[in-house]
Amino acid sequence: MTDVEESGLNGLIHGEMAPGFIGLLLGRIVDRLVEEGVQPAREAGIAAPPRTFSMIMLLARASQTVTELAQRLGVTHAAIIKTERTLEKLGLVERGQDDGDARRKPLCLTAQGRAEAARIADFMARVNRVYAELFDEIGVDLFAAARAFDAALDREGFAERYRRI
(Lines give C-alpha, C1' and ligand atoms only; values in the text may rest on other atoms or scores of the structure.)
Protein backbone atom coordinates (compact mmCIF):
# COMPACT_ATOMS: atom_id res chain seq x y z
CA MET A 1 0.00 0.00 0.00
CA THR A 2 1.34 3.44 -0.88
CA ASP A 3 1.81 6.25 1.61
CA VAL A 4 -1.03 8.17 -0.05
CA GLU A 5 -3.38 5.19 0.24
CA GLU A 6 -2.35 4.56 3.85
CA SER A 7 -2.78 8.20 4.88
CA GLY A 8 -6.18 8.24 3.19
CA LEU A 9 -7.26 5.22 5.19
CA ASN A 10 -5.91 6.64 8.43
CA GLY A 11 -7.59 9.94 7.65
CA LEU A 12 -10.88 8.17 7.19
CA ILE A 13 -10.81 6.25 10.45
CA HIS A 14 -8.73 8.62 12.58
CA GLY A 15 -9.55 11.97 10.99
CA GLU A 16 -12.61 13.59 9.55
CA MET A 17 -14.89 10.57 9.98
CA ALA A 18 -13.50 9.37 13.31
CA PRO A 19 -16.63 10.02 15.43
CA GLY A 20 -18.57 7.73 13.10
CA PHE A 21 -16.20 4.94 14.00
CA ILE A 22 -16.55 5.22 17.78
CA GLY A 23 -17.93 1.66 17.94
CA LEU A 24 -14.77 0.35 16.30
CA LEU A 25 -12.56 2.26 18.74
CA LEU A 26 -14.55 1.25 21.82
CA GLY A 27 -14.59 -2.39 20.69
CA ARG A 28 -10.80 -2.30 20.26
CA ILE A 29 -10.35 -0.76 23.71
CA VAL A 30 -12.56 -3.41 25.34
CA ASP A 31 -10.76 -6.22 23.51
CA ARG A 32 -7.40 -4.78 24.56
CA LEU A 33 -8.42 -4.44 28.21
CA VAL A 34 -9.68 -8.02 28.27
CA GLU A 35 -6.58 -9.37 26.52
CA GLU A 36 -4.17 -7.42 28.72
CA GLY A 37 -6.11 -8.38 31.85
CA VAL A 38 -5.84 -12.14 31.36
CA GLN A 39 -2.31 -12.50 32.72
CA PRO A 40 -2.84 -10.35 35.84
CA ALA A 41 -6.05 -12.31 36.54
CA ARG A 42 -4.15 -15.60 36.27
CA GLU A 43 -1.47 -14.21 38.58
CA ALA A 44 -4.28 -13.44 41.06
CA GLY A 45 -5.28 -17.12 40.94
CA ILE A 46 -8.41 -16.60 38.83
CA ALA A 47 -9.31 -19.40 36.41
CA ALA A 48 -12.47 -17.87 34.94
CA PRO A 49 -12.21 -15.90 31.69
CA PRO A 50 -12.40 -12.12 32.26
CA ARG A 51 -15.60 -11.77 30.21
CA THR A 52 -17.37 -14.00 32.77
CA PHE A 53 -16.52 -11.87 35.82
CA SER A 54 -19.73 -9.82 35.77
CA MET A 55 -21.90 -12.94 35.76
CA ILE A 56 -19.90 -14.52 38.57
CA MET A 57 -20.19 -11.35 40.66
CA LEU A 58 -23.97 -11.24 40.14
CA LEU A 59 -24.27 -14.91 41.15
CA ALA A 60 -22.15 -14.20 44.23
CA ARG A 61 -24.97 -11.95 45.41
CA ALA A 62 -27.85 -14.33 44.63
CA SER A 63 -28.83 -17.32 42.53
CA GLN A 64 -30.51 -16.14 39.33
CA THR A 65 -32.16 -17.57 36.24
CA VAL A 66 -30.79 -17.22 32.74
CA THR A 67 -33.51 -14.64 32.02
CA GLU A 68 -32.65 -12.59 35.11
CA LEU A 69 -28.95 -12.62 34.28
CA ALA A 70 -29.58 -11.69 30.65
CA GLN A 71 -31.71 -8.72 31.71
CA ARG A 72 -29.23 -7.51 34.33
CA LEU A 73 -26.21 -7.82 32.04
CA GLY A 74 -27.99 -6.56 28.92
CA VAL A 75 -27.06 -9.61 26.84
CA THR A 76 -28.93 -12.42 25.12
CA HIS A 77 -30.09 -15.67 26.68
CA ALA A 78 -27.71 -17.45 24.30
CA ALA A 79 -24.76 -15.46 25.67
CA ILE A 80 -25.69 -16.40 29.24
CA ILE A 81 -26.06 -20.07 28.35
CA LYS A 82 -22.68 -20.04 26.59
CA THR A 83 -21.08 -18.46 29.66
CA GLU A 84 -22.89 -20.91 31.92
CA ARG A 85 -21.38 -23.83 30.01
CA THR A 86 -17.90 -22.37 30.32
CA LEU A 87 -18.32 -21.83 34.06
CA GLU A 88 -19.85 -25.29 34.58
CA LYS A 89 -16.80 -26.89 32.90
CA LEU A 90 -14.61 -24.99 35.36
CA GLY A 91 -16.74 -26.25 38.27
CA LEU A 92 -17.82 -22.73 39.24
CA VAL A 93 -21.56 -22.77 38.45
CA GLU A 94 -24.38 -25.28 38.72
CA ARG A 95 -28.14 -25.36 38.19
CA GLY A 96 -30.10 -25.09 41.40
CA GLN A 97 -33.65 -25.80 42.47
CA ASP A 98 -36.37 -23.39 43.47
CA ASP A 99 -38.48 -24.99 46.19
CA GLY A 100 -41.33 -22.58 45.40
CA ASP A 101 -41.34 -23.24 41.63
CA ALA A 102 -40.14 -26.56 40.20
CA ARG A 103 -39.87 -25.03 36.71
CA ARG A 104 -37.39 -22.40 37.87
CA LYS A 105 -33.78 -23.59 37.69
CA PRO A 106 -31.58 -20.74 38.91
CA LEU A 107 -27.86 -20.74 38.38
CA CYS A 108 -25.77 -20.66 41.51
CA LEU A 109 -22.11 -20.69 42.39
CA THR A 110 -20.51 -23.84 43.69
CA ALA A 111 -18.17 -23.66 46.70
CA GLN A 112 -15.33 -23.35 44.19
CA GLY A 113 -17.30 -20.61 42.43
CA ARG A 114 -17.75 -18.64 45.66
CA ALA A 115 -13.99 -18.81 46.26
CA GLU A 116 -13.42 -17.63 42.68
CA ALA A 117 -15.88 -14.77 43.22
CA ALA A 118 -13.88 -13.64 46.26
CA ARG A 119 -10.67 -13.62 44.19
CA ILE A 120 -12.45 -11.69 41.42
CA ALA A 121 -13.76 -9.12 43.92
CA ASP A 122 -10.20 -8.51 45.17
CA PHE A 123 -8.91 -8.36 41.59
CA MET A 124 -11.62 -5.91 40.52
CA ALA A 125 -10.86 -3.60 43.44
CA ARG A 126 -7.34 -3.28 42.06
CA VAL A 127 -8.64 -2.97 38.48
CA ASN A 128 -10.79 -0.05 39.63
CA ARG A 129 -7.66 1.68 40.93
CA VAL A 130 -5.93 1.12 37.57
CA TYR A 131 -8.91 2.66 35.75
CA ALA A 132 -9.01 5.61 38.17
CA GLU A 133 -5.33 6.25 37.38
CA LEU A 134 -6.02 6.08 33.64
CA PHE A 135 -9.00 8.44 33.98
CA ASP A 136 -6.85 10.91 35.91
CA GLU A 137 -4.14 10.66 33.24
CA ILE A 138 -6.52 11.44 30.38
CA GLY A 139 -8.58 13.95 32.34
CA VAL A 140 -11.89 12.12 31.72
CA ASP A 141 -13.82 9.66 33.85
CA LEU A 142 -14.50 7.38 30.90
CA PHE A 143 -16.96 5.25 32.85
CA ALA A 144 -19.03 8.28 33.81
CA ALA A 145 -18.84 9.56 30.24
CA ALA A 146 -19.97 6.18 28.87
CA ARG A 147 -22.90 6.10 31.31
CA ALA A 148 -23.87 9.63 30.28
CA PHE A 149 -23.61 8.60 26.60
CA ASP A 150 -25.83 5.56 27.27
CA ALA A 151 -28.37 7.71 29.13
CA ALA A 152 -28.43 10.20 26.24
CA LEU A 153 -29.21 7.33 23.87
CA ASP A 154 -32.01 6.26 26.23
CA ARG A 155 -33.50 9.75 25.98
CA GLU A 156 -33.23 9.77 22.17
CA GLY A 157 -31.85 6.81 20.28
CA PHE A 158 -29.33 6.89 17.46
CA ALA A 159 -31.91 6.31 14.71
CA GLU A 160 -34.09 9.17 15.93
CA ARG A 161 -31.07 11.46 16.18
CA TYR A 162 -29.93 10.44 12.70
CA ARG A 163 -33.33 11.24 11.21
CA ARG A 164 -33.45 14.58 13.04
CA ILE A 165 -30.00 15.81 11.92
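Glu84 is buried, with a relative accessible area of 4%, where buried denotes under 20% relative accessible area, exposed over 50%, and partly exposed the range in between (1.4 Å probe, protein chains only). The structure is a predicted model, in which local features need pLDDT of at least 70 and side-chain atom pairs count only at pLDDT 80 or more, whereas totals for chains, interfaces and linings use all residues. Residues are numbered from 1 along each chain as its sequence is written, and side-chain values use heavy atoms, with hydrogens and water left out.

Glu84 lies in helix H5, helices (H or I, at least four residues) and strands (E, at least two) being DSSP runs numbered from the N terminus. When neighbours within four places in sequence are set aside, Glu84 is in contact (heavy atoms within 4.5 Å) with Met55, Val66, Arg95 and Leu107. With Arg95, Glu84 forms a salt bridge in which the closest N and O atoms are 2.8 Å apart, a salt bridge being a side-chain nitrogen of Lys or Arg within 4 Å of a carboxyl oxygen of Asp or Glu. Because Glu84 belongs to helix H5 and Arg95 to strand E1, the pair ties together parts that are eleven residues apart in sequence. Arg95, at 40% relative accessibility, counts as partly exposed.

Glu36 counts as partly exposed at 49% relative accessibility, whereas Arg32, at 55%, counts as exposed. In helix H6, Glu116 and Arg119 are three residues apart and are likewise separated by about one helical turn, and their salt bridge has its closest N and O atoms 2.5 Å apart. Glu116 is buried, with a relative accessible area of 1%, while Arg119 is partly exposed, with a relative accessible area of 29%. An α-helix has 3.6 residues a turn, so residues three or four places apart point the same way.

Both Glu116 and Arg119 are also in contact with Gly45, once the neighbours of Gly45 within four places in sequence are left aside. Gly45 is found in the loop between H2 and H3 and is partly exposed, with a relative accessible area of 41%. Although Gly45 and Arg119 are 74 residues apart in sequence, their C-alpha atoms are 7.2 Å apart in space.

In helix H3 (residues 53-61), the residues Phe53, Met55, Ile56, Leu58 and Leu59 are buried. The buried residues of H3 pack against helix H2 (22-43), helix H4 (66-73), helix H5 (77-89), strand E1 (93-95), E2 and H6. Thr110 lies in the loop between strand E2 (107-109) and H6, and counts as buried at 14% relative accessibility. Beyond its neighbours within four places in sequence, Thr110 is in contact with Gly91, Leu92, Val93 and Glu94.

On the surface, a nonpolar patch is formed by Ile22, Leu25, Leu26, Ile29, Leu33, Phe149, Leu153, Phe158 and Tyr162, which together have about 870 Å² of accessible area. The elements that give two or more residues to the nonpolar patch are H2, helix H7 (142-155) and helix H8 (158-164), and the largest share, five residues, comes from H2. Leu26, placed in helix H2, is partly exposed, with a relative accessible area of 41%. Patches are made of residues with over 30% relative accessible area and no salt bridge, like charges being joined within 9 Å and nonpolar side chains (Val, Leu, Ile, Met, Phe, Trp, Tyr) within 5 Å; accessible areas come from the Shrake-Rupley method with a 1.4 Å probe, and for residues only the protein chains shown count as cover.

A negative surface patch is formed by Glu133, Asp136, Glu137 and Asp141. Asp136 is found in helix H6 (residues 111-138) and counts as exposed, at 66% relative accessibility.

Notes: Lys, Arg positive; Asp, Glu negative; His and termini not counted. Charge placed at Lys NZ, Arg CZ, Asp CG, Glu CD.
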